[in-house]
Amino acid sequence: MKSTYDMLVIGAGPAGAFAAKTAAEKGLSVLMVEKRPAPGAPVRCAEGVGKELLREFMKPDERWVAAEIERAHLIAPDGFRMEMNPEKAGSEVGYVLHRKVFDRELVWQAAAAGSDIMVKTRACSPVMENGVVKGALLEYNGTVTEVRAGVTIAADGVESKFARWCGVNTTVPLREMETCAQYLMTGSDIDPHATEFFAGNDVAPGGYVWIFPKGEKTANVGIGIGGDRGGKPGIRPIDYLNRFVKQHFPNGKTIELIAGGVSICKPLESTVADGLMIVGDAARVSDPLTGGGIYNALYTGKTAGEVAVDSLAKGDVSRKALMKYDETWRASYMGKALERNYQIKEVFVKLTDDDLNSIIHSVAKMNMSEFNTLSLIKNIITANPKVAMKLGKAGLKSLIDSI
Amino acid sequence: MISVRRDICAYCGCCISVCPEGALELIDAYLDVDANTCITCGICVRACPLGALEVKK
Ligand SMILES: Cc1cc2nc3c(=O)[nH]c(=O)nc-3n(C[C@H](O)[C@H](O)[C@H](O)COP(=O)(O)OP(=O)(O)OC[C@H]3O[C@@H](n4cnc5c(N)ncnc54)[C@H](O)[C@@H]3O)c2cc1C
Ligand code: SF4
Ligand code: SF4
């Protein structure tokens, strides 16, 4: 470890690793620090990702692709099963990854590109001068060392403490924090190429249950519920999960327990400050509707890496110069999807089981060859006037604008 | 004060992101509560998926 770098990255998840790799490939000196002894473990993820989205960044590799998904089933509160089969309409679905292997591959790629890596090393405070972030104090093996950097990247995941220490409010409102529990289960008959989603206020209030296969007889079985819906014995995510598993996987064996939180709020108002860019979950860019954040982490990491290279070349790392990063992701496919899905999520969490039943029944009647978000929303609104009422005029307008 | 049931906590970080005071910190697998900044609001208790946090009067 040197005492000065062009770029310092806090956290070695997908966001941090891709930022480090991108910048190191362009010749910057980079240090990435990770407080855990092993990046990627323990896992805090259901590990699903869209095929086309992932391929923007990496060539799929059988070492970290656990399953290829061809179709999805959505199960309404009344038990009605709707199949979504986009492959029939010619579009691809997704992969379920082995995040432990995937995350390590990304860190390895960052190292191969020339980035220095330190594990079991925790950033415990930023170094600030006149309001400008100039690096961090790093705690390693009982000592604290100052490392200075031209640009610092906060990629510290859902906890997002580093940006907070720099003066950015990263607190997630309780109702916009999906609180989650998941088992990796084996020994049950599952469809190894289909994901399943269960909605309803009895199974998962303000969220959903997912089954994501990881090969024959093995799957991530998990739940997320709204942060304001649990909090008492018997109604916490783990309690809902135990009840679900008892009913649906009576003979399944649990081989891993995963807990976690996904923010479903709006992204941070600003993801840059003087000398600082905030990426991935730390920037609150996980998808408010699906909870997916792997692609968003990779994309924001890459974009921040590119902006760091540009800004350092121009000798300007002010908030104004780094705004390029903030503006780029907001204008991107991802930025637009976040806006739209936030509006949809706000409606989703207010739906009763009756609403959910009628929506899922009406969508099942749609012609899947013209299946896109706009046609989906139009269909839902015309077939379910009650839902349209819940949206209200303002809600409808912002939803349509965001599409 | 908030007390952490270490036999239950799976060090996931969910509680940290909802704490309005920034009083929680994960030091690898050890959840640390800063007694000086915690205002005992109980928000973190409600967010924990496993029930590892308790308000101790
Ligand atoms: C239960 C659950 C299910 C999910 N399912 C999916 C899914 O199916 N598909 C999907 O796309 N997304 C899913 N997500 C979201 C996805 O896991 C995250 O969006 C993704 O991991 C974000 O990547 P990241 O790099 O921003 O953060 P992380 O992967 O969380 O990495 C942050 C890293 O920073 C480290 N760190 C934190 N603080 C410090 C510090 N002070 N010093 C040094 N290091 C530090 C952490 O130890 C961690 O390794 C799920 C999340 C949960 C909780
Ligand atoms: S939310 Fe619960 S399980 Fe997760 S770190 Fe906090 S106390 Fe531990
Ligand atoms: S009780 Fe409130 S202030 Fe204290 S740690 Fe929990 S959320 Fe933070």
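Domain bounds here come from an automatic or database domain assignment.

## Domains of chain A

Chain A is split into domain 1 (4-44 + 100-172 + 265-331), domain 2 (69-93 + 174-263) and domain 3 (340-402). The model is predicted: local features need pLDDT of at least 70, side-chain atom pairs count only at pLDDT 80 or more, totals for chains, interfaces and linings use all residues, and side-chain values use heavy atoms, with hydrogens and water left out. Residues are numbered from 1 along each chain as its sequence is written, while chains are lettered from A and ligands numbered from 1 in written order.

## Domain 1 against domain 2

The C-alpha centres of domain 1 and domain 2 of chain A are 30 Å apart. Domain 1 of chain A brings 11 residues to the contact (heavy atoms within 4.5 Å), and domain 2 of chain A brings 10 residues.

Together the two domains of chain A bury about 920 Å², with 51% of it on carbon and sulfur atoms. Buried area is the accessible area (1.4 Å probe) lost on putting two parts together, summed over both. Val158(A), Val172(A) and Cys265(A) supply 44% of what domain 1 of chain A buries against domain 2 of chain A, more than any other three residues.

## Salt bridge

Between domain 1 and domain 2 of chain A the count is one salt bridge (a side-chain nitrogen of Lys or Arg within 4 Å of a carboxyl oxygen of Asp or Glu). Lys100(A) forms a salt bridge with Glu256(A), and their closest N and O atoms are 3.3 Å apart.

## Ligand 3

Residues surrounding ligand 3 (a heavy atom within 4 Å) include Cys19(B), Cys38(B), Cys41(B) and Cys44(B). Glu21(B) and Thr40(B) are also among them.
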